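Colleague: I'd like to learn how to read a model like this one, feature by feature. Can we walk through it together?

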Amino acid sequence: MGGLKRKPSSSAKALAKSKKKKGPHLPNSILKVIANQKRPLNSDEEDDDDVIGSDDEHGGDLYEYEEGVPEEESRKNNRYDRHDNYDYELPDDFEDENVESEDDDDGGNSDNDEAEGDDDDDDDRHTRMLQSLTGMPSAAFEGESKSKPVLFTEAYPEGEFNPTRDVLEGKNVLTEEDFLAPLEGTPGYQKTSKQIARMRKDTKHVVHAPLPKPQRERLERKAVIGLVDEEFSKWVHLVKKNREAPTVYFNQDVDLGYSTVGAIASEFQPRTEFEKKMASVLNDSEVSMEDHIKDHNHIAKMRSLLFRHEFKSKRIKKIKSKTYHRLKNKDLKNSSLGALMDPEMAKEEAMRQEAKRVEERMTLKHRNTGKWAKRMISRGLNVKYDGPKAAIAEQLQMNANLSRKMNSMRDGSSSDESDDEEELNDGADEDTPSRLIAKAKEKTLKALEDDEVPNAGLMSLPFMKNEEANEEAKRALEEYEEWENSGGENSKKTVNVSGRRVFGATAKVEAPKESRKDSDNFYDDSDSDNDMAGIEDNNIEPVRDNASPARNTITETEKFDDDVAGNPASKTTFDVAMFASGSWKKMAGSKNTESKKASRKTRAPIPQAQDKKGWRDEESEDSESEAEQMVDGVLTSTSKETFEVPSQAELINRAFAGDDVLDEFEKDKEEVLNQEVPKPEKPVLVPGWGDWTNIQKKRGISKQMVQKHEAEKKEWEQGLKTRKDARLKHVIISEKVDKKAEKLHTTTLPFPFTSKEVFEHSMRMPIGPEFNPSTIVGELNRPEVVKKTGVIIKPVKFEEVNPNDEVDDEHPRNHQKQRPKKKTSRRQGKVKSK
Amino acid sequence: MRIKTISRSVDEFTRERSQDLQRVFHNFDPSLRPMEKAVEYQRALTAAKLEKIFARPFVGAMDGHRDGISCMAKNPNYLKGIFSASMDGDIRLWDIATRRTVCQFPGHQGAVRGLTVSTDGNVLVSCGTDCNVRLWSVPRPSLEDSDLSSEKSTEVVHCLFFLITLYSLVLLFILITSFFLSQPSAVYTCKNALLAVDHQFEGDLFATAGAQLDIWNHNRSQPVQSFTSGSHSVISVRFNPGEPDILATSSGDNHISIYDIRMSSAARKILMRTKTNSIAWNPMEPMNFTAANEDGNCYSFDGRKNEEAKCVHKDHVSAVMDIDFSPTGREFVTGSYDRSVRIFPYNGGHSREIYHTKRMQRVFCVKYSSDATYVISGSDDTNLRLWKAKASEQLGVILPREQKKHEYNEAVKNRYKHLPEIKRIVRHRHLPKPIYKAKAESRAMNDAKRRKDERRKAHSAPGTVVTESHRTRRIIKEVE
């Protein structure tokens with residue numbers, strides 16, 4: 001059948017006909033009767049099934065073979081192409097030869113039309129007959145015959161109060177005119193008829209007949225739906241917020257009632273007369289509770305202070321020692337407190353201080369020259385014990401304080417600052433050697449002076465004093481003077497010495513200097529790649545060897561270096577060069593010659609350093625540009641030779657000359673391949689296996705083994721080929737499956753996730769207490785719903801939610817005590833978003 | 001030279017109490033702990049297994065009725081009280097903690113079909129096939145929950161001792177006499193048998209379902225309002241806890257209707273292929289409700305869009321008889337004719353838990369306790385059964401450390417729940433044989449149907465055969 005989808009329509013018709021005739025049939029006459037009976041009841045639209053149904057209704061006893069609908073027509077499965085009607089459409093004027101045989105169940109439209117045509121014929125004949133009999137016009141009979149059969153269902157008797165059949169049919173209905181007709185001509189007629197006419201026009205006040213019930217209900221529902229939906233929609237934000245919150249809390253509202261007596265008492269209301277009186281006294285007093293408490297506290301504090309003071313004064317009063325009291329009184333007098341209080345006293349105090357200062361300068365009272373101090377120092381007791389040490393230090397301190405210049409009562413820091421300023425100026429303006437020397441001298445002096453401050457302590461001890469350094473310093477000063485006297489311009493003694501200047505045993509050079517010296521030596525000895533150090537060596541060593549302590553002291557600290565910079569006679573440092581780049585060229589010659597000389601004189605010359613030095617000297621002589629380079633502070637050991645920059649490839653080759661990366665990689669890859677796709681072993685002939693000692697002839701490797709090996713090899717090759725990295729020369733893509741790691745992966749992406757990355761990200765960071773600080777662990781592990789057993793959870797209550805609100809991230813944990821009173825406690829269903 | 005030493009102050013390392021834990025310092029550098037994923041996976045696995053080991057959901061049975069339990073009601077104001085009614089007209093109030101009958105309410109002649117309690121917990125409403133609605137005043141719960149806080153504090157101070165003695169006497173009396181017999185405070189009679197009743201949340205009204213839907217006031221002997229629709233009777237009614245004026249009913253002609261009691265007619269009507277036995281509103285999401293259907297599925301609807309269900313919850317193999325939402329709104333419990341109780345997530349297609357015992361027969365009613373910790377089921381075998389909502393939950397007071405540990409276990413398990421081994425362990429449930437067989441059978445049938453549909457689709461012109469989604473399959477239409 002499947003092949004015969006489209007047949008020529010005529011043949012289809014023939015087939016259908018032949019099919020229809022197959023079953024047993026009733027006589028045509030009976031069929032006709034049935035058809036006539038059911039026609040008025042059945043509408044044209046009814047399909048086959050209904051017809052059959054009605055058949056059963058009317059003539060249940062009639063038997064008819066029911067034809068199955070052919071598959072093409074039933075259109076089941078859509079197995080056949082869509083085709084409206086396979087039947088041949090008969091032309092309207094077609095006359096079938098067997099009109100009598102009814103194919104009603106087929107339900108063709110044309111057949112029905114025919115049948116109706118038949119009916120009409122019958123009716124015509126009937127009316128004609130009646131006409132001939134009665135002699136009345138045919139119209140009378142036609143109306144009757146055409147009228148629909150009316151079903152009489154009224155249970156009431158026909159009468160004047162009940163509508164008649166005519167009324168039910170819509171005929172002979174009484175109208176207003178019928179009622180009005182007899183009144184025509186009577187006085188009120190006009191008015192009434194006008195009123196009626198008006199009423200007809202007026203459509204507003206007409207009450208229409210109610211709609212049928214289903215329709216009415218539908219309309220009502222529609223109205224209600226709108227209202228209910230509105231009600232529901234207002235919850236959307238709340239619900240959304242609720243759902244999106246990472247944690248919903250239902251443990252908020254725990255009302256345990258009153259827990260303390262105070263809480264209960266707080267709700268106390270005075271009832272009796274007495275209670276009311278008390279309450280009024282308590283509440284209406286002028287002093288508020290807070291003020292009262294404040295006052296009370298204040299008084300208590302003062303009292304306790306007073307008490308302690310009393311106690312103390314009592315104790316002191318009990319002390320009988322006269323000396324104590326004397327000293328105490330003196331203290332009180334001397335104390336700055338008294339001075340502050342009284343201006344007179346302050347003046348007096350100042351005078352006394354001045355006198356003291358003068359006295360101090362005149363005497364050697366506080367310079368450890370006393371008998372006691374000498375004894376202490378000579379016996380070394382001041383080292384041994386803290387007491388004498390402190391006392392001596394104190395003396396010295398006092399001396400320093402008192403002998404300090406009047407206006408420099410402050411500490412040395414300010415003078416330093418001023419010096420710094422001067423330095424800056426020096427750098428800027430034209431440096432005259434004399435001035436520089438003066439400066440250097442000043443510095444030296446200051447350095448010596450500065451040591452006075454530490455001399456109060458440990459450093460002041462004789463053995464701590466560095467005689468050498470001191471001498472050097474002195475020598476430097478001498479040299480300065482010498483220079484000033486002889487060669488230098490007669491620059492005045494610009495050394496404006498401060499009041500603190502001290503020449504004596506206490507002056508000493510600070511320790512860092514020595515270490516510096518050492519380090520210099522160290523640099524000298526070492527093959528240092530720090531050129532700066534080398535350069536410094538250059539400058540320092542000659543200074544030392546020239547036995548010009550002044551310069552030596554200059555090199556003590558870098559700060560000093562800066563100051564000496566401008567001096568053309570002395571060795572310039574690179575730092576200096578940087579400052580005074582203008583005078584560099586001028587200096588170069590002299591400097592180099594001197595430095596050369598100096599380098600030869602070094603105590604422990606190390607060849608390399610020497611070489612370097614020499615080389616550098618040459619270099620500096622060579623060209624100005626080179627010097628410029630150094631002036632710029634680059635100071636690299638770039639050689640002067642012409643140097644071609646090698647190409648990148650060459651550089652790389654040179655850098656990785658030792659290791660053969662490519663080869664290594666290939667080996668690695670081979671190894672990995674061997675591991676993942678192992679190469680099959682070649683079958684080998686093991687002596688003594690598979691043959692009898694000498695009896696059997698050697699057969700070699702068996703065919704089976706060879707074949708197996710071949711197959712394995714092929715498989716192996718295939719395996720290699722199908723690898724992802726088979727064609728990628730420089731890549732290894734491992735296809736090894738780690739069984740232990742496999743359990744940490746899923747075969748498919750689980751439901752809520754849309755991408756693998758997101759899924760893996762969700763498991764990436766650990767959440768355990770070992771991997772996270774305890775402050776976060778709770779948050780990481782918080783369940784979706786936090787509730788508490790025994791706490792009734794009430795349904796959600798409506799509250800306005802701002803949809804734009806961000807979900808804030810902090811939330812108090814479920815403890816009641818932490819519960820914030822303000823927002824959360826009122827409502828249960830409210831979501832506290834985490 | 002600097003020497004690094006460990007310095008610890010005594011204050012930080014001294015415990016306040018001897019039971020306190022010693023402080024432990026961790027270095028959280030991830031490079032020091034390279035195996036954290038493997039470690040946590042293992043923990044998750046252990047947690048899953050432990051959960052299985054500790055899964056003992058059945059707390060106890062409450063025995064006393066002489067006929068199958070037809071309906072239950074929980075006291076919204078009192079955790080320990082639950083009301084149950086049976087087919088022989090017996091109504092009982094149970095104390096869950098002791099699992100004892102506290103009080104009986106005799107009077108109904110036929111089966112009691114509906115029970116409900118007002119929100120304040122003072123009035124119990126029952127209705128049954130004897131066409132009566134009976135209102136009962138609920139006896140006051142014993143000592144613990146007596147309404148102390150509302151009384152005058154001063155009086156409390158004065159009377160506390162007296163009260164304690166009085167209540168302990170009452171308690172003793174209760175224990176001795178085992179329970180009270182109560183009298184109805186009002187009896188209202190209807191024309192037809194009543195099938196369900198539900199009380200408005202925080203209001204005076206309650207609704208009865210029978211031949212029609214009636215809205216009653218406590219104090220009126222006649223219904224305040226009536227809704228009729230069609231010729232079939234209404235079989236269940238449930239008020240919306242969030243929106244007290246909205247209620248949903250299901251009727252015998254497979255309709256689910258939503259009413260607003262301020263209006264005169266239904267708002268929405270859904271026509272389904274099978275009858276809906278019960279309806280539960282989500283207490284946290286007032287627009288959503290879930291219908292327990294005769295076909296063994298539950299359908300979650302959005303009250304605003306009814307042409308399709310939002311979620312179909314499948315697992316029961318027979319009709320779902322009753323449904324109740326957890327007060328958290330995240331889960332609901334269902335009782336089924338297949339002799340099992342299941343707990344579903346509100347947005348999940350399958351249940352997370354099934355409870356059954358050998359002796360439990362058809363389950364007619366289920367309730368989730370008001371603190372979302374327990375589930376109570378009433379079945380044909382005349383027993384009420386008390387279950388834990390989380391089968392492996394530890395009951396009793398839990399120390400903070402214990403709590404943290406539980407939370408961690410849960411979090412880890414939740415994190416790795418998609419991995420095959422853990423998934424398998426967590427999902428595994430032992431089923432009674434009939435359910436197991438029925439499930440297998442229905443699965444086979446569904447598979448066959450699906451295969452057939454697929455083939456039909458494959459062999460027909462594209463677009464001609466449309467597979468209907470599960471969410472709309474069982475819904476015929478939304479009535480206009």
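Colleague: Let's start with a contact list. Leaving aside its neighbours within four places in sequence, which residues is Lys743(A) in contact with?

Modeller: One thing to keep in mind throughout: this is a predicted model. Once neighbours within four places in sequence are set aside, Lys743(A) is in contact with Tyr41(B), Gln42(B), Leu419(B) and Pro420(B). Lys743(A) itself sits in the loop between helix H35 (739-742) and helix H36 (756-762) of chain A.

Colleague: Let me zoom out. How many helices and strands are there in chain A?

Modeller: Chain A has 37 helices and two strands. Of its 834 residues, 25% are buried. Chain A exposes about 61000 Å², with carbon and sulfur atoms supplying 54% of that area. As for contacts in chain A between residues at least 6 apart in sequence, 66% join residues at least 24 apart.

Colleague: Next, salt bridges. What's the general idea, and how many are there over all chains?

Modeller: Side chains of opposite charge can pair when their charged atoms come close. Over all chains, the count comes to 39 salt bridges.

Colleague: Where do Arg352(A) and Glu348(A) lie?

Modeller: Both are in helix H17 (residues 343-362) of chain A, four residues apart, which is about one turn of the helix. Arg352(A) forms a salt bridge with Glu348(A), and their closest N and O atoms are 3.7 Å apart. With a relative accessibility of 37%, Arg352(A) is partly exposed.

Colleague: And in chain B, which residue does Arg262(B) form a salt bridge with?

Modeller: Its partner is Asp245(B), with 3.4 Å between the closest N and O atoms. Arg262(B) is in the loop between strand S17 (255-260) and strand S18 (266-272) of chain B, while Asp245(B) is in the loop between strand S15 (234-239) and strand S16 (246-251) of chain B, so the pair ties together parts that are 17 residues apart in sequence. Arg262(B) is partly exposed, at 46% relative accessibility.

Colleague: Which residues are linked with Arg262(B) in a network of salt bridges?

Modeller: The network links Glu231(A), Asp245(B), Asp260(B) and Arg262(B).

Colleague: What about Asp295(B): which residue does it form a salt bridge with?

Modeller: Asp295(B) pairs with Arg474(B), the closest N and O atoms being 3.0 Å apart. This pair links distant parts of the chain, 179 residues apart: Asp295(B) is in the loop between strand S20 (288-293) and strand S21 (297-302) of chain B, and Arg474(B) is in the loop between helix H7 (470-473) and strand S30 (475-479) of chain B. Asp295(B) is partly exposed, with a relative accessible area of 25%, and Arg474(B) is partly exposed at 25% relative accessibility.

Colleague: Helix H7 of chain B came up there. Is Thr472(B) buried or exposed?

Modeller: Thr472(B), which has its place in that helix, H7 of chain B, is buried because its relative accessible area is 18%, and the buried class means under 20%. Apart from neighbours within four places in sequence, Thr472(B) is in contact with Glu307(B) and Glu308(B).

Colleague: Now charge patches. Which residues form a positive surface patch?

Modeller: Arg326(A), Lys330(A), Lys356(A) and Lys365(A) form one. Lys330(A) is in helix H15 (residues 322-334) of chain A and, at 48% relative accessibility, is partly exposed.

Colleague: And which residues form a negative surface patch?

Modeller: Asp659(A), Asp660(A), Asp663(A), Glu664(A), Glu666(A), Asp668(A), Glu670(A) and Glu671(A) do. Glu664(A) lies in helix H33 (residues 661-676) of chain A.

Colleague: Last topic, backbone angles. What is phi for Arg99(B)?

Modeller: Most residues other than glycine have a negative phi. Arg99(B) has a positive phi of about 55 degrees, although it is not a glycine. Arg99(B) is in the loop between strand S4 (91-95) and strand S5 (100-104) of chain B, and is partly exposed at 33% relative accessibility.

Colleague: Where is Asn254(B) found?

Modeller: Asn254(B) is in the loop between S16 and S17 of chain B. Its phi is positive too, near 65 degrees. Asn254(B) is buried, with a relative accessible area of 19%.

Terms used: Residues are numbered from 1 along each chain as its sequence is written. Chains are lettered from A and ligands numbered from 1 in the order in which they are written. This is a predicted model: local features need pLDDT of at least 70, side-chain atom pairs count only at pLDDT 80 or more; totals for chains, interfaces and linings use all residues. Side-chain values use heavy atoms; hydrogens and water are left out. Patches are made of residues with over 30% relative accessible area and no salt bridge: like charges are joined within 9 Å, nonpolar side chains (Val, Leu, Ile, Met, Phe, Trp, Tyr) within 5 Å. Accessible areas come from the Shrake-Rupley method with a 1.4 Å probe; for residues, only the protein chains shown count as cover. A salt bridge is a side-chain nitrogen of Lys or Arg within 4 Å of a carboxyl oxygen of Asp or Glu. Lys and Arg count as positive and Asp and Glu as negative; His and the chain ends are not counted. The place of a charge is taken as NZ of Lys, CZ of Arg, CG of Asp or CD of Glu. Buried means under 20% relative accessible area, exposed over 50%, partly exposed in between (1.4 Å probe, protein chains only). Contact means heavy atoms within 4.5 Å.
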